[in-house]
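Let's take a friendly walk through this model together.

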Amino acid sequence: IFCFNTHMSSLRIGCSSAFWGDSSRGAFQLVRNGDIDFLVADYLAEVTMGILARQKNRGGARGGMGAGGFVAEFVYSIFKPLMNDIKDNKVRIVTNAGAMNPVGCKEAIEEVARKANLPIPKVAAIVGDDLMPVSQQLKSENKLYPFDINGEEEPVLPDEKMCLSFNAYIGAEPIAQALREGAEIVITGRCVDSAMVLGPLLAHFYPEKPESYNYDFLSAGSVAGHIIECGCQATGGNFTDWEKSCNSGSGGWANMGFPIVEFSADGTFLVTKPKGTGGLVTIGTVSEQILYEIHDPGNYVLPDVVVDFRQINLKENFMGNKNLVKVSGCKGRPPTNYYKISGTFFDGYKLSADLLIPGFNAKEKGYAVANAIITRSRRLLKMYEIDDFIDTNIEVLGTEHLLGNNASEIAQQSREVIVRISVLHSSPKGLKIFGKEVAPSATGMAPGITGGASGRPRPAPLIKHYSCLVSKEDVPIKIVMGEEGITTDAVITTKALNHEKSHKSFSLTAPLLDPHPFENDTDWKKSPFVKVPLISLCFGRSGDKGDVVNVGLIARKPIYYPLIKYYITDEFVKNFFQHFCNGSCKRYELPSLNAFNFVLTKSLGGGGLGSLNIDRQGKTYAQFLLTATIPVPSSWIKSMNPSITTKKSNYFVIQSKL
């Protein structure tokens, strides 16, 4: 039973952007054809704040950034051409395009409307998340606390580093407050992505601010936001069964539908997309996105609620409608007393160079060329009395390099490889010496080298991300409303329970659950066995949080769950990624979704823009894990996905008894 107005109509919210750089067409599609009440747009990945902060410090508007550090693309490529449609369709907007300067973004929107001689919308800017001015004070007063994953704490604030950004992930209540006070557009800085959806839901279903909220409702609204915050990843983008999405009709990938949630008063909601668009909305697409970057699924800590994903139920083709999935069973608990901090700092300069090398022994030639270039560069550095490289990395792509010891022998014989050489140095001067030594390899090293026609590679700043915690009491949040810029305090209702005051907020104990329905099933142990790739049994998706990789696996059928649990242990996964994982691996279970989530720490070479790896965000990990082979009863083969079992037949090997 939810403590809110059950007579309220449902609310439709569409998400048009997953990151700064996503297609601008999503907003046009949703505003004009999505029949939505709210448009939300997410622009801020973890490292984006560091990039914006660095550009902000250089002054002025540059590189798609508005003066002061907001995402100008939203103002001029989304809002400006859609102003009339937004007004005519009565669509309200919530976006974190404010980034480093929410008030600047607000004022830019008002100026665009003013110049177009249109009624100026009531715009609210949420401020207070930027703690950069007080970061050192908070540290000196011991008001910052370690962020903990798998029992491993990150440094609170690196000493002797140039901090670029230091922002608190704030929640949904300030957004809801601004909407209740009449805002038509709400601009935030660094808030949790899902808050952009939860905020409108709170304002709609709780039109008068209550003394407290129902935590299951807060959880459901947060899950709805989590599902659509990454745009087309909920509608068939980045989906394991990619061919179904690519060939889905209505243009497939060339006309991908952006996600919509239709939220009801009972706390359940539907996931869909606009009619006449490509892509898919199925249990597979929605499950993959639910597991995306969540760490402990029983303790997904947000500012407003601790979400428990483990009891979620999905029903596809709801009411006989294709591309319609119903989501129910979301559970929530009171939040902690802390906000998570997303910080970035400058840690030198990096440079990467790519060369194509053809022919026999391409892999061996690639490593020889890369090592020779690095050796020559080091001699020059020494000659000019410049410090050595801080780090170097050589990747020979096309040989299943990212699979480590799991790479196939056939891939090692590739006759076409890309050699990627990355170096890290304390100054651009050292990297420029390296850059000048790349092109000469075409005439002075291996035969057939090409691919360097774009010119000498240029140094780029290396930005690292880190996290810590800060008490909510030390983060005053304010709302700047309308042309007059009237400023009010945001009132936070969602309080922590006394027993959850510990700063170890990411080590909370989740309630025990009933076992999976097939938990004790042993029929799968019957022989004979056939060894199959994991993709025959699972969907999978992976992503990052700093230097941490999250790999989610979802069983295609409930009967597969106990077999996957038996074979794909945390030890199995850590061993599979031993060439990358320098930390721990922990497995979590989500019985209602027939799913498992694996969290690997210290596995991305620093993560984000701080990594020299080509996959610095963990995007490939799930797809690689799905190539692992495990034994299954031969009786299962006929019921498996024929498109997979046929195309992957070379992976099937008859096994002896277990």
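A salt bridge here is a side-chain nitrogen of Lys or Arg within 4 Å of a carboxyl oxygen of Asp or Glu. Please keep in mind that this is a predicted model, where local features need pLDDT of at least 70, side-chain atom pairs count only at pLDDT 80 or more, and totals for chains, interfaces and linings use all residues. Residues are numbered from 1 along each chain as its sequence is written, and side-chain values use heavy atoms, with hydrogens and water left out.

How many salt bridges does a search of the whole structure find? The search gives 23. One of them joins the side chains of Glu-141 and Lys-143, with 3.3 Å from N to O. Glu-141 counts as partly exposed because its relative accessibility is 38%, and Lys-143 counts as partly exposed because its value is 28%. For these labels, buried means under 20% relative accessible area, exposed means over 50%, and partly exposed lies in between (1.4 Å probe, protein chains only).

Next, look at Glu-437 and Arg-376, whose side chains meet in a salt bridge at 3.0 Å, N to O. This pair links distant parts of the chain, 61 residues apart: Glu-437 sits in the loop between helix 13 (428-436) and helix 14 (441-444), while Arg-376 belongs to helix 11 (residues 362-383). Helices (H or I, at least four residues) and strands (E, at least two) are DSSP runs, numbered from the N terminus. Is Glu-437 buried or exposed? With a relative accessible area of 13%, Glu-437 is buried, whereas Arg-376, at 32%, is partly exposed.

Lys-565 and Glu-519 form another salt bridge, their closest N and O atoms being 2.4 Å apart. Here too the pair links distant parts of the chain, 46 residues apart, with Lys-565 in helix 15 (residues 561-567) and Glu-519 in the loop between strand 24 (486-489) and strand 25. Glu-519 counts as partly exposed, at 23% relative accessibility. Elsewhere, salt bridges that share partners join Glu-111, Arg-114 and Glu-483 into one network.

Now turn to helix 1 (residues 25-33), where the buried residues include Phe-28, Leu-30 and Val-31. Which elements do the buried residues of helix 1 pack against? They pack against strand 1 (11-15), strand 2 (38-41), helix 3 (72-88) and strand 12 (260-263), where contact means heavy atoms within 4.5 Å. Just after helix 1, Asp-35 takes a positive phi of about 50 degrees.

Finally, find Val-532 in strand 25 (residues 529-533). Val-532 counts as buried because its relative accessibility is 0%.
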